[in-house]
Amino acid sequence: MSQSDLFSWNMERDPILRSTIVSVLILDTDPDWDRLVETIERGTRLVPRLRHRLVTAPFGLAPPRWALDPDFDLSWHLRRAALPEPATMSAVLEFARTEAMTAFDPARALWRSTLLSGLSGGGSALVMTVHHSLTDGIGGIQIATALLDFDRAGTDRGHPPQPPYDHDGALRDIVAWNWSIGSDLLRGGIRAAPQTAWRAVTHPARAVRDSAALATSLVRLAMPVTATLSPVMIERSLGRRLAVLDAPVEQMRRAARAAGCTMNDAFLTAVVIGLRRYHDRHGAKVDHLRLTMPISLRTADDPLGGNRITLARFALPVGIAETPELMRAVDAAVGGWRREPAIPLSGAVAAAFNRLPVGVVTEMLKHVDFVASNVPGSPVPLYIAGARIDRMYAFGPTIGTAVNVTLTSHAGTCYVAINADTAAIPDLETLTECLAAGFATVLRLGGECAQQAAADGTAEASRSTPV
């Protein structure tokens, strides 16, 4: 396990902080079962970690390691069932809710998938549950791209080779882990030393400033959080409820362009407006809320799957009334954190956290207000085993916050998944209404931009038309 994965694993000693991702694919028909089995089986070969289980080192001298499960049984991980009546989206979300609250069997690979047939209208749902250490959002999309088809007929991609059995023994695990930490630090020091020494000689003032900026950034990244900013979303529990929203991609993009921002800024602004309205409903005023935002560290050389993110915790403005100004303020806050010098050192920060008592870290995470994540998906329709994917929702873990809101774009639509802690948010229907109003506010900005562009085009055309 990497230091970041070990951090995620350790914090699950408090079950409120489980890192379970539940993805729901709504299909237009039942997929061919034999083809689905073949597709998932191929996925376990493309991403060998899907066939691995965690093996614990003795006396905690090394973190758990990934080792091929000699008893791996695909039929245990891939199941099918019929939805109970009424077989609506609510029934699918109820099943997904129980998946989000169910711990994994540590003796097996940390994932499972269930095909739910009989959905109203002739469709079905594929519910896929994975531990965050197996993949992050972008990694999940990359795996999907490697497995899914662009038409119903599909493509014969052949079979990747069987992963080898690779257990090296407990003693070798301990030596390899500790050697890797030391060698990584040594290589980093050797690489950095000449550059650092040269800067110190040629630009001593700049070297001092850069070192101070890095130290300050590390403090910001690791700073303890001891109180929630929300006066409403305070309690935490093991209970979860799920809800969904949809929004058009192009209109979200127009709204972002109208404010000179990105689509991620438009998404976060919609969530912030929704949370502000939720607090208004409860008679509470907030100026800022604290966000946990995943920042991708994935590179082109990284293999499929795996968790390649770091988590930044920072406050976002909430009280700005005008939508464009709020979006630009959100953009400034997010942009500042993406440029933090300490972000590439997040593994070292995770290593430091791993040496703290677990209770200290878990209490800190429970004082963050919400998680929000934006995962770019496919711009075109995708198919699995002959069934078209009509909707795609990814319910990320709350990891100690009141709610996780994750947006996945797919074939022209933003599919928004809401995973709420029932103690922090006992009235999920109210929150969903408020978040829908937040997205409607942002979408209106995009609609106004489109109307203005159309009006400008009509005026230009009338000026250029010969009399």
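This report describes selected features of a predicted protein model.

## Basis and confidence

Residues are numbered from 1 along each chain as its sequence is written, and side-chain values use heavy atoms, with hydrogens and water left out. Because the model is predicted, local features need pLDDT of at least 70 and side-chain atom pairs count only at pLDDT 80 or more, whereas totals for chains, interfaces and linings use all residues.

The term pLDDT denotes the predictor's confidence in each residue, from 0 to 100. For the protein chain the average pLDDT is 81, and 70% of the residues score at least 70. Over residues 180–201 the pLDDT is below 50, and this stretch has seven contacts beyond near neighbours in sequence; a contact means heavy atoms within 4.5 Å. Residues 461–467 also have pLDDT under 50, and the model gives them zero contacts beyond four places in sequence.

R53 belongs to strand β2, which covers residues 52–55. Helices (H or I, at least four residues) and strands (E, at least two) are DSSP runs, numbered from the N terminus. R53 counts as partly exposed because its relative accessibility is 26%; buried means under 20% relative accessible area, exposed over 50%, and partly exposed in between (1.4 Å probe, protein chains only).

Leaving aside residues up to four places away in sequence, R53 touches several residues, among them R65, W66, D69, P106 and R108. P64 is 11 residues from R53 along the chain, and the C-alpha atoms of these two residues are separated by 9.3 Å.

## Backbone features in loops

Most residues other than glycine have a negative phi, and most peptide bonds are trans. The peptide bond from E85 to P86, however, is cis, with omega near -5°. P86 lies in the loop between β4 (78–82) and α4 (89–100).

I399 is not a glycine, yet its phi is positive, near 35°. This residue sits in the loop between β12 (387–395) and β13 (403–410), and I399 is buried because its relative accessible area is 10%. A411, also not a glycine, has a positive phi of about 50°. The loop between β13 and β14 (413–421) contains A411, which is partly exposed at 35% relative accessibility.

## Helix α10

Helix α10 comprises 16 residues, 323–338, and reaches 22 Å from its first C-alpha to its last, close to the expected 22 Å. The expected span of a helix is 1.5 Å times one less than its number of residues. Buried residues in α10 include T323, L326, M327, V330, A333, V334 and W337. An α-helix has 3.6 residues a turn, so residues three or four places apart point the same way.
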